[in-house]
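User: I've got a model open here and would like to talk through a few spots in it. Could you take my questions one at a time?

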Amino acid sequence: MTAACTRLGIELPIIQAPMGGAVGPALAAAVSNAGGLGTLALWGADIQTLRRQIRETQALTSKPFAVNLNLEFAQEERLDACLQERVPIISFFWREPSALVARAKAGGAVVLHTVGTAEDARRAVECGVDIVVAQGWEAGGHVRGKVATMALVPAVVDAVGRVPVIAAGGIADGRGLAAALALGASGVWIGTRFLASTEVEIHPHYRERIFRATEDDTVYLEELFDIGWPKAPHRVLRNSTVAAWEAAGRPVSGKRPGEGEVVATSKSRGPIVRYRSYTPAADAEGDIDALSLWAGQSVALVHKTQPAAEIVQEIFDEAQAVLGRLATPVKPQ
């Protein structure tokens, strides 16, 4: 049990990252039921869908879970709906959260906020955030800063004092959890590993690309898959879209190869144009490899499909084993 576990009401210091477009009630509930913290990414959902997913998750677990809200977009109405549905934990991302933190806490929620620098962490704590998520640039999907996890986490820990810190970015197994705890973190935030869970809602080709990837197959981009969420740096697997854009000299938005071309379709989301910020869903058809294949640098550690509960337990057991070995005195030769 760490300080974050106590504050969140969970048993294991493992939080499933929001992973917008990939997470549904089944995955979030499975992680929570396993003792970690599942998270729904509902920042773009309409209110009816948001309420439905929250209620479905509540039907699947009696344990705490979180809802993630992206502050690049207006979230007042969604936050109010979350609080009305008695969501116990709210996770904010991207912009400065002060306008909504007090509102969330007044509604009875524990508040997390993701940061990319120690200064951002200090400001988050000043406005009342309960737990800080320090996201290193190794993370997959949208990335807040440019500092690596190894350097960022202890800097944030030192900056925020007794406020619990969660380490995010490049962590996918128990060795990463053990390392994060050694850096002063109170838990870990994991996304890429859960792309291999049986409960995740992604296209099979996307999953296979995850399994084939090495640690240097991802690329950090200031702005490429930006339709729907502009000016938001992100990390993805290299693919045909990235290669064509690089070969063209990295032109700006509006002048990129294949701009406006429909490369895939989805029954739930309609036509998907090249450069759209979109997680390849299971119902997508077309050139799946050309889409935004979000993945962190920990992708090389992801090898097989497993139930989310098994992933959580495996990470925790491995961390315990690592910490046990480190605590055993080394006998002189």
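User: Leaving aside neighbours within four places in sequence, which residues is A28 in contact with?

Analyst: Keep in mind that this is a predicted model. A28 lies in helix α2, residues 25-33. Once the neighbours within four places in sequence are set aside, its contacts are Q16, V23, G38, T39, L40 and T57.

User: Is A28 buried or exposed?

Analyst: The cut-off for buried is under 20% relative accessible area. A28 comes out at 0%, so this residue is buried.

User: How far apart are the C-alpha atoms of A28 and A17?

Analyst: Along the chain, A28 and A17 are eleven residues apart.

User: Which strands stand at the edges of the open sheet of eight strands?

Analyst: The order runs β1-β9-β8-β6-β5-β4-β3-β2, and the pairing is parallel. Two strands have a single partner each, so one side of each is left without a neighbour in the sheet. Those edge strands are β1 (14-16) and β2 (38-41).

User: And by how many degrees are neighbouring strands of this sheet turned against each other on average?

Analyst: Direction is ignored for this one.

User: Which residue stands opposite V132 in β8?

Analyst: Strands β6 (residues 131-135) and β8 (residues 165-168) run parallel and are joined by four bridges. Opposite V132, on the β8 side, stands V165.

User: At about what angle does helix α3 run to β3?

Analyst: Helix α3 covers residues 47-60 and lies across β2 and β3 (65-70). Its angle to β3 is about 160 degrees.

User: What is the relative accessible area of C82?

Analyst: C82 is a buried residue. Its relative accessible area is 0%.

User: Last one: where is S277, and is it buried or exposed?

Analyst: S277 sits in the loop between β13 (270-273) and β14 (284-286). Not counting residues up to four places away in sequence, S277 touches H142, F225, I227, W229, S292 and W294. The relative accessible area of S277 is 18%, and the cut-off is under 20%, so S277 is buried.

Technical notes: Residues numbered from 1 in each chain as written. Predicted model: local features only at pLDDT ≥ 70, side-chain atom pairs only at ≥ 80, totals over all residues. Heavy atoms only, no water. Buried < 20%, exposed > 50% of the residue type's maximum accessible area, 1.4 Å probe, protein only. Contact = heavy atoms within 4.5 Å. Pairing = 2+ DSSP bridges. Axes fitted to C-alpha atoms, helices over the stretch in contact; angles between N-to-C directions.
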